Amino acid sequence: MRLTHVVRAGVAAAAAITAALAFPAVASAHVTVNPNTAVQGGYTKVTFRVPTERDDASTTKLEVAIPTDKPIASVSLKPVQGWTAVTESSKLTTPLKTGDGGEITEAVSKITWTADANSGIKPHQFQEFDVSLGPLPQTDQIVFKALQTYSNGEIVRWIDEPSAGAEAEHPAPVLKLTKKADTTAASAGPTATAEASGSGSDGTAIGLGIAGLVLGLAGLVVGVLAYRQSSPA
């Protein structure tokens, strides 16, 4: 066995390990809300990110439910080219009090985005839908149950609520809410939260890369030792 062959084998092992580490992140792609944290009582902009996970169909519709047990008074949508957005409102069991002494008796309970002809999210692509929300309720989290419709008629229900110690098959997008005193970064607003979220994603990618490099080097060392043992004295 030549040393060159050993080196090549080590490089190939490193590449295979890195690919294996990255695969779960791709396989687990689903509808998410970004950033996934905000501050109770404040306003924020969230983005619903929708990937198409089918090879033979496009995403043509997204429906997102806005809970009314902890209603949000203001819900505004950013237009998305090629898509039509419609909101539905529901009557509140307990009206919301406003700052001027008035009451809000209805709140948005559902948003539906529908793709125009040829504007669906094609295989291996994704689209983002921006929503401004506020004031956010005094609760730990908001679960946005979502339905994703494909051009072949299939509907994927992203409605599983989080539970301790278990990973849901079709998890609903969840926005965690913190109190103002709990975090300084969150109180700075949506931009700071988004940057923190992005930093976490970058850290994960760097960690995976380092792990792949270490394992690859370990394979290279083993190969070199094997080469030395097999070589004539």
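What follows is a short chat about a predicted model and the terms used for it.

Modeller: Quick ground rules: this is a predicted model, with local features needing pLDDT of at least 70 and side-chain atom pairs counting only at pLDDT 80 or more, while totals for chains, interfaces and linings use all residues. Numbering runs from 1 along each chain as its sequence is written, and side-chain values use heavy atoms, with hydrogens and water left out.

Biologist: What is the mean pLDDT of the protein?

Modeller: pLDDT is the predictor's confidence in each residue, from 0 to 100. Here the mean is 79, and 64% of the residues reach 70 or more.

Biologist: Where does pLDDT stay under 50?

Modeller: Over residues 13-27, which have nine contacts (heavy atoms within 4.5 Å) beyond four places in sequence in the model. Residues 192-202 are also below 50, with seven contacts beyond near neighbours in sequence. Where pLDDT is low, the predicted coordinates should not be read in detail.

Biologist: What makes up the lining of the second largest pocket, by class?

Modeller: Seven nonpolar, one polar and two charged residues. Ala, Val, Leu, Ile, Met, Phe, Trp, Tyr, Cys and Pro count as nonpolar, Asp, Glu, Lys and Arg as charged, and the others, Gly among them, as polar. So Lys-70 and Lys-97 go down as charged and Thr-98 as polar, while Leu-96 and Ile-104 are among the nonpolar ones.

Notes:
On a 1 Å grid over the protein atoms alone, a cavity is a set of points where a 1.4 Å probe fits but cannot get out, and a pocket is an open set with protein on both sides within 12 Å along at least five of seven lines; lining residues have an atom within 4 Å of a point.
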